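Thank you for making the time this morning.

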Amino acid sequence: AASIWGEPKQVVTSWNGTEKGLLDLAKHHHDRPLVLDELGAGKLSPEALIKLVYSLAGGESRVRSSATGKVLGGKAFRCMVISSAEYSLQAAMKGGGKELPNRGTIHRALDIEMLDVAEELPEDERKAYVTNLQENTKVAYGTAGKAFLMTLVQKFHHADDLRGHLSQEINGVLAYFNLPSNDSAINRGLEKFALLVVAGELAVAYGLIPTEAQQIRQAISYYARVWYSRFSLEAMRDGLIERIASFLQKSQRRFENIGGPVPANRVGWRCVVAGERCFGFTSDGLKEATQEHDVSKVAQTLQKAGLLSGNDANKVKAKITIDMQTKQRTYVYAVNEGILTYVDDMN
């Protein structure tokens, strides 16, 4: 990717820097891609990384005041960042945990797990293939990007003409993807994948990529679908439900029958809420079942799927009586027993 714009050694930069340093670097890449290698080399905390993602995607640095009261920062640059890592960027922003992702970062930082470039070759040919790519980028670089921009300028005399063309083409690619969603974060992410398709097809049309436009479309569509299947609200909902159902199938003995003996490692109670038989999870129990730290978001997802019972429509937790003699009560996340058959229907 870097060789499209210049000598890779000069174009590629490391994540190893401060938030301010990386933002200053982005300013020097206005209207150019910023290529950052190895996210693992960075020393940013998850919180700082989230802030940086927002700033890089928005082209803005943090507004602050100087010692004299002068306003510094604000709108500064416009660039696209290409990054690499051996692990998910979403995981880095959550400190390596499995917590539900921040919806605002999903379309600002497209997390894509790439296939091995030489995966389909016979094993004894892979090393030579990759070495050839590396050697070629050492001697052939910095022409395709410039040629692409020059051709755009020649083909579209006004920026509005280009915008109109891109809008029409992007809508056509989105129809080709056929990945419906009511989630604005997902829709904005899919638009970025569609933009990549349009750019690739234009590069083919201009003779800059030695392949066919349909191959470009099919390849990027594959990654768009993988991304969609991971981050769409529907996919995240189904993944959560499957994890809970799997946990229940293995751990039903860890739920106490009200009035019965306390099981080892109790995660909740068997109960009836609003006339429905439920597994009443404690907060820690639901965390264990889902491997998610923010159980309130998990509960909201279950509620929208119709799998969470409650005795107060405005609350995700239900109040149950756990001791009939003392009338002791507690709050639980009351997951319907129907979740077990829900998964079967889903599959």
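Let me begin at serine 309, whose bridge partner in S11 is alanine 334. Please keep in mind throughout that what we are looking at is a predicted model. The strand that holds serine 309 is S9, residues 308-309, and S9 pairs with S11 in the antiparallel sense over two bridges.

S11 itself covers residues 328-336, and strand S8, residues 276-281, also pairs with S11 in the antiparallel sense, over four bridges. In that pairing, phenylalanine 281 stands opposite tyrosine 333. Strand S10, residues 318-323, is a further antiparallel partner of S11, with five bridges between them, and here alanine 318 stands opposite valine 332. S10 and S11 form a hairpin with four residues between the strands, and within that hairpin lysine 327 takes a positive phi near 60°.

Arginine 254 lies in the loop between helix H11, residues 233-251, and strand S6, residues 255-257, and its side chain is joined to that of glutamate 288 by a polar contact of 2.8 Å.

How many aromatic pairs does a search of the whole structure find? The search finds seven. In one of them, the rings of phenylalanine 148 and tyrosine 206 have their centres 6.1 Å apart and their planes at 45°, so this pair counts as tilted. The pair links distant parts of the chain, 58 residues apart, with phenylalanine 148 in helix H7 and tyrosine 206 in the loop between helix H9 and helix H10. Are these two residues, phenylalanine 148 and tyrosine 206, buried or exposed? Phenylalanine 148 is buried, and tyrosine 206 is buried as well.

Tryptophan 227 and phenylalanine 231 have ring centres 6.1 Å apart and planes at 50°, and therefore this pair is tilted too. These two residues are four apart in helix H10, which means that about one helical turn separates tryptophan 227 from phenylalanine 231. Both tryptophan 227 and phenylalanine 231 are buried.

I will finish with a charge over a ring: arginine 217 lies over the face of tyrosine 176, at 5.0 Å from the ring centre.

Terms used
Residues numbered from 1 in each chain as written. Predicted model: local features only at pLDDT ≥ 70, side-chain atom pairs only at ≥ 80, totals over all residues. Heavy atoms only, no water. Phe/Tyr/Trp six-rings, centres within 6.5 Å; stacked < 30°, edge-to-face > 60°. Buried < 20%, exposed > 50% of the residue type's maximum accessible area, 1.4 Å probe, protein only. Lys NZ or Arg CZ within 6 Å of the ring centre and 35° of its normal. Polar contact = N/O pair within 3.5 Å; in protein donor to acceptor, adjacent residues only side chain to side chain. Pairing = 2+ DSSP bridges.
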